[in-house]
Amino acid sequence: MSSSQTAVPGGRSPFFDLSNLRGDLFGGLTAGIVALPLALAFGEASGAGPIAGLWGAIFVGFFAAIFGGTGSQVSGPTGPMVVVFAGLYAALGGNPTLVFAAVVLAGILQIGFGVLKFGQYVKLVPYPVISGFMSGIGVIIIALQLSRLFGHEPDGGGTIPAFTAVPGAVMDPNLIAVGIAALTLFIVFTWPKKFAAYVPGPLAALVVGTLVSLVIPGAPVLGDIPTGLPAFVLPSFSTDTALVVLEAAFILAVLGSIDSLLTSLVADNMTRTRHDSDKELIGQGIGNTIAGMFGAIPGAGATMRTVINIRSGGRTRISGATHALVLLAIVLSLGPLASQIPHAVLAGILVKVGFDTIDMSYIKRAHKGPRWDLALMVLVLGLTVFVDLITAVAVGVVLAALAFIKKLADDQIASVQHDAPPQSSEEEVTLLSRCGGRVMLFDFGGPLSFGAAADLGHHVRSRAGDKVEIIVLDFARVPFIDVSAVRAVETIIEDAHDAGKEVYFTGMSPDVEAILHRFAADQVPGTEDKRFGQRRDALNAALSRLNEKPTPVPAE
């Protein structure tokens, strides 16, 4: 039991653990201050407005903390979620009933993932795929902010239009916006760590940039921001928009789940605890469902805010809830002041977020690792930037799985021993020697998967030359066999029959034998004299069979 947990009668942990209350309150306060400029920036980038970003941080942050499975996690709008949401917002023309229907549905899907215990599978995405799509998202975030750095609004339609709009923005800059953006970038990229413990770099940039804008007006600002509690949004969609809404909801649900569980792993490493993946998905789903009902943008576990929370003392769900309540207090009291924040300030903050999202640590070391991993990462990055996230992740996972299966199949084929395997006893070696090369023993070194099945028949055929009269297949180390491998065994039997050879079986478990006979009844010999429990018995029977045959006379 960790130091942040206390026992209660019956051995169950309390829902609210007060043993670390001071650390949790301070951690939540610090995370809330850090989240303020990020939530505003993400809301502005999403198209729904800065206030939607703040309410997203409040709803997702509070309910994911209360119902989630990672005590120290802080949730809210993140780069990956905002990129998908912004694309959805543009595709649906900003229609709130359609846009937030997708958010609600995404939350319901996440709850379903948790109830069906899909959390353990979400974490199986290979690291090069994660690195590629996270780096791609970082590139997208930066691309969408480049025009704002020069005082222009980015063109809608995706990454390519955002890139093509940059030359026009550069040729017609708002010099005051450029100056404020440059100042913001300087602060967020060079803010000393010793100051960050008291005033986070993004918050310092937000305050300084806004004050400069008040002294030297001229840069585009956010303008009027609604105050008070958000209005309820009734989600709905028609048959014409159902496919777009369902696709976006699925992408948001999967992406939010992956993003949250990766952050949970970071929190585990820092706090030496273990999160509950399925419970975390349910908590994130509840948060996103409620956020969608009130016109707030979706969110997920936020790595930077979670790390700051932990380093500031946060350990339990109280810290994440406190972070949300801090933002709620700010929204209800300081909303009018946010109207003076320049777009260029939020753009500069998001450029830093995009840069941090790019997996620079892997990119710097990628040339030292397998070339296939690097190629996979670059492919996923390119698909993320120029196609879409779901295609990038799907293609990456499929290619990674195929590469793993190919490597596994190669290892399985390489593990097939012939003649006298290293683990053979002296008696077995002697028996093989007495057979004079007319018997060949094949020892399968482990499970036979469909990946190895294609080459298995060829491997046996190439090893068993014309001199071999009896092939012994040893299944002692094969715990299971699939249908593809059964077909490979059938091929071995057919080839042996055509070449006038006999096939003996040894060491088959009841499960393997049942599958072989169930799927290959016509090919697998059914008589007891072809099946043996021990390899020694099969070799003795083979030697006896050879003694019954006349010795072959070499051709002159």
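This section describes the pocket, the cavities and selected loop residues of a predicted model.

Residues are numbered from 1 along each chain as its sequence is written, and side-chain values use heavy atoms, with hydrogens and water left out. Because the model is predicted, local features need pLDDT of at least 70 and side-chain atom pairs count only at pLDDT 80 or more, whereas totals for chains, interfaces and linings use all residues.

Grid points are joined across faces, edges and corners, and a volume is the space filled by probe spheres set on the points. The largest pocket has a volume of about 1700 Å³. Its lining comprises 47 residues, with T303, M304, R305, V307 and D356 nearest the centre. This lining divides into 28 nonpolar, 12 polar and 7 charged residues, where Ala, Val, Leu, Ile, Met, Phe, Trp, Tyr, Cys and Pro count as nonpolar, Asp, Glu, Lys and Arg as charged, and the others, Gly among them, as polar.

The whole structure contains 3 cavities of 30 Å³ or more. The largest cavity holds about 60 Å³ and is lined by F42, A45, V82, V83, A86, I141, L144, Q145 and L350. At least two lining residues come from each of α1 (21-46), α3 (79-91) and α6 (127-145); helices (H or I, at least four residues) and strands (E, at least two) are DSSP runs, numbered from the N terminus. The second largest cavity, of about 50 Å³, is lined by I251, V254, L255, I258, L389, I390 and V393. Here α12 contributes the most, with 4 residues, and the lining has 7 nonpolar, no polar and no charged residues.

In the loop between α12 (242-271) and α13 (277-293), R272 has a positive phi, near 55°. R272 is exposed, at 68% relative accessible area (exposed, over 50%; buried, under 20%; partly exposed in between; 1.4 Å probe, protein chains only). K117, in the loop between α4 (96-115) and α5 (119-122), also has a positive phi, near 60°.

E469 lies between α21 (450-463) and β5 (470-474) and is buried, with a relative accessible area of 14%. The side chains of E469 and R438 form a polar contact of 2.6 Å (a pair of N or O atoms within 3.5 Å; within protein, one must be able to donate a hydrogen and the other to accept it, and residues adjacent in sequence count only if both atoms are side-chain atoms).

How values were computed: 1 Å grid on protein atoms, 1.4 Å probe; cavity = no way out; pocket = protein on both sides within 12 Å on 5 of 7 lines; lining within 4 Å.
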